[in-house]
Amino acid sequence: NLLAHDGRNTAKLYLIRDISTGGLGLRLPAEKTPPDGVTIGTPALITVSLDVESPFDIHAHVAWTMDSAGAVTDAGVGLEFDEMTESEQMLVDLLTRLHHPASIALTFYAGEE
């Protein structure tokens, strides 16, 4: 489990529950639905900082969304990575090996071109 903040509202947090070479699954703590406008196909940017150096960006899009099931679970969003460069793939490989980055930000581009 990794915490990530929203790229536009740092007070909003996401919980990365799983990550693989194809994408990642998010839970949205205390949320009953995904953010407004976030639907299948919505573009997203994942910004990962391993340390104080420049962050790495990984482009993705929403592959699935899930509303909460009452008190059983929080809302969820699945992101599928877009075509990755070799350095982006190396970054994902690090994250799948449980390397904890300094920070992760997720920005959804709902309703934007």
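Biologist: Which side chain does the side chain of Thr47 make a polar contact with?

Modeller: Happy to take you through it, with the reminder that this is a predicted model. The partner is Asp57: its side chain and that of Thr47 make a polar contact of 2.9 Å. Thr47 itself sits in strand E4. Leaving out residues up to four places away in sequence, Thr47 touches Pro55, Phe56 and Asp57, and also Ser103, Ile104 and Ala105. Strand E5 covers residues 56-66, while strand E7 covers residues 103-108.

Let's step back to the whole chain for a moment. There are 7 strands and 1 helix, and along the sequence they come in the order β-β-β-β-β-β-α-β. The radius of gyration is 13 Å, close to the 13 Å that the globule rule gives for 113 residues, so the chain is as compact as a globular protein of that length. Along its principal axes, the C-alpha trace spans about 40 × 30 × 25 Å. Buried residues account for 35% of the 113 residues. If you take the contacts between residues at least 6 apart in sequence, 58% of them join residues at least 24 apart.

Strand E4, where we began, also packs with the helix. The buried residues of H1 pack against E4 as well as strands E2, E5 and E6. In H1, which runs over residues 86-96, those buried residues are Glu88, Leu91, Val92 and Leu95. Viewed down the helix axis they fall within an arc of 95 degrees, so they line one face of H1. The spacing has a simple background: an α-helix has 3.6 residues a turn, so residues three or four places apart point the same way. On the other side of H1, Glu86 and Met90 are exposed. After the helix comes Leu98, with a positive phi near 70 degrees.

Both E4 and H1 also contribute to the largest nonpolar core. This core has 24 residues, and those touching the most other members are Leu26, Ile46, Val77, Leu79 and Phe108. Two or more residues come from each of E1, E2, E3, E4, E5, E6, H1 and E7. E6 gives the largest share, 4 residues. Neighbours within four places in sequence aside, Leu26 is in contact with Tyr14, Leu15 and Ile16, with Ala75, Gly76, Val77 and Leu79, and with Leu106 and Phe108.

The chain has 1 aromatic pair by the rule used here. The ring centres of Tyr14 and Phe108 are 5.9 Å apart and the planes stand at 85 degrees, so the pair is edge-to-face. Tyr14 belongs to strand E2 and Phe108 to strand E7, so the pair links distant parts of the chain, 94 residues apart. Both Tyr14 and Phe108 are buried.

Phe108 has a polar neighbour too. Its backbone oxygen lies 3.3 Å from a polar atom of the Arg8 side chain. Arg8 is in the loop between strand E1 and E2, and it is partly exposed, with a relative accessible area of 49%. From C-alpha to C-alpha, Arg8 is 8.4 Å from Leu106, although 98 residues separate the two in sequence.

Beyond E7, Gly111 is found in the segment that follows that strand. Gly111 counts as exposed, with 82% relative accessibility. Its C-alpha atom is 8.2 Å from that of Val38, 73 residues away along the chain.

The loop between strand E3 and E4 holds Ala30. Most residues other than glycine have a negative phi. Ala30, however, has a positive phi of about 65 degrees although it is not a glycine. At 75% relative accessibility, Ala30 counts as exposed.

Notes
Residues numbered from 1 in each chain as written. Predicted model: local features only at pLDDT ≥ 70, side-chain atom pairs only at ≥ 80, totals over all residues. Heavy atoms only, no water. Buried < 20%, exposed > 50% of the residue type's maximum accessible area, 1.4 Å probe, protein only. Arc of directions from axis to C-beta. Contact = heavy atoms within 4.5 Å. Polar contact = N/O pair within 3.5 Å; in protein donor to acceptor, adjacent residues only side chain to side chain. Phe/Tyr/Trp six-rings, centres within 6.5 Å; stacked < 30°, edge-to-face > 60°. Core = buried A, V, L, I, M, F, W, Y, C linked by side-chain atoms within 4.5 Å. Rg over C-alpha atoms; globule rule 2.2 N^0.38 Å.
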